Amino acid sequence: MQDNAFEHFLDEGLIEKVIRPIKSGKEASVYLVRANPRTTGETLAALKVFHPPDRRAFRDEGIYRDGEFIKPRRVRVAVEKRTTFGKVVAAAIWVDREWESLKTLSAAGANVPKPITRSDRGLLMTYIGDEDDAAPQLRSYRPDPDEAEELLRQVIRNVELFLYRNVIHGDLSPYNILVWDGQVTIIDLPQAVDPRKNRHARALLERDLHRVCEHFERFGVRRSAAELTADLWTAWEFADLVPEELRGLV
C-alpha cells in the first residue's frame, strides 16, 4: 500500500486486513477488506480510498458545484483557481458529498452500499459480492430479456427514490451499477447534485437515464429517457402534493 489511507481503519479496529483491490480509478480505488464484526457488524466490507489531491485527475466540477456556496472567500477563491490548497478543499468536498449521499439514500431504502464509517480520505461501506467475486458491473452483465426488464425497473425505481430525497447521481452509467443475486446496487456518488440548488440538475437526470436506457436497448428493453425525465421531474416538482405512501412507485 503506497500511503497511510488504511491506518485509520486498522488503528480504530474497524478492519482486520486488506484482502485485495476491487477497482481502481482516476480519483479513488476500492478494496475488499476483512471487517471487524464487533465494530462494524460486517465480516467483509468495501473500503473506498480517494487518491491524494496531487495524484487525482480532477474533472471540471463546475457543473456539479453549481448552486453550492463556500462562505469563506479565501477558500472559495482557492477552489475556483484550483490552487494546491483549493484542490485539498475540493477533494474533501468530494468525499463529504459521497458520504452524505450514501447516508441519505441508505436511510431511504435505496439500493446503495450502506455507509459504515469514514476518514478524511476513505469510506467504509457494505460490500456487494462474496469473498471470491465482487458483484459485476452492469456493463459486463448479460441478462436475458425478462431479467433485463426487471433490472431496468429497479434502476428507474432507484433514480426516482433518489430524486424524492433530493439527490441526482449525476454520472450514472453501466459502470457504476452492480448486479448481484438479481438486485442492482448503485455506487460512486461523489458528484451527486441537489436538484433544489443545481441549475443543471434536470439535464444531469436526463443524461443519467439516457445512458441507462441506451444500455438496456441492447437487450430488447426500450424506454424513452426523455419521457422518463419529464415524468420524474414533474412528480418531483409536485412532490409535496403527493402522499408519502404513493411516492416513488414505478
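Author: Start with angles: under 35 degrees counts as roughly parallel, over 145 as roughly antiparallel, 65 to 115 as roughly perpendicular, and the rest as oblique. The model is predicted, so local features need pLDDT of at least 70 and side-chain atom pairs pLDDT 80 or more, while totals for chains, interfaces and linings use all residues. Residues are numbered from 1 along each chain as its sequence is written, and side-chain values use heavy atoms, without hydrogens and water.

Reader: Why are α6 and α7 called roughly antiparallel?

Author: Their axes cross at roughly 175 degrees. The cut-off is over 145, so α6 and α7 count as roughly antiparallel. Axes are lines fitted to C-alpha atoms, for helices over the stretch in contact, and angles run from 0 to 180 degrees between N-to-C directions. The two axes come within 11 Å. Helices (H or I, at least four residues) and strands (E, at least two) are DSSP runs, numbered from the N terminus.

Reader: What makes the contact of α6 with α7, polar, charged or nonpolar residues?

Author: It divides into 10 nonpolar, no polar and no charged. Among them are Leu 151 and Val 155 of α6, and Leu 205 and Phe 216 of α7. Contact means heavy atoms within 4.5 Å. Ala, Val, Leu, Ile, Met, Phe, Trp, Tyr, Cys and Pro count as nonpolar; Asp, Glu, Lys and Arg as charged; the others, Gly among them, as polar.

Reader: Why does Asn 176 count as buried?

Author: Its relative accessibility is 5%. Buried means under 20% (exposed is over 50%, partly exposed in between; 1.4 Å probe, protein chains only). So Asn 176 is buried. Asn 176 lies in the loop between α6 and β6.

Reader: What does the side chain of Asn 176 reach?

Author: The backbone oxygen of Asp 171, at 2.9 Å. The Asn 176 side chain also reaches the backbone nitrogen of Ser 173, at 2.9 Å.

Reader: Is Ser 101 buried or exposed?

Author: Buried, with a relative accessible area of 7%. Ser 101 is in helix α5. Leaving out residues up to four places away in sequence, Ser 101 touches Val 167, Leu 189 and Ala 192.

Reader: Why do β1 and β4 stand at the edges?

Author: The open sheet has the order β1-β2-β3-β5-β4, with antiparallel pairing. β1 and β4 each have a single partner strand, so one side of each is left without a neighbour in the sheet.

Reader: How do you know that β4 pairs with β5?

Author: Two strands pair if DSSP finds at least two bridges between them. Three bridges join β4 to β5. So the two strands pair.

Conventions. Polar contact = N/O pair within 3.5 Å; in protein donor to acceptor, adjacent residues only side chain to side chain.
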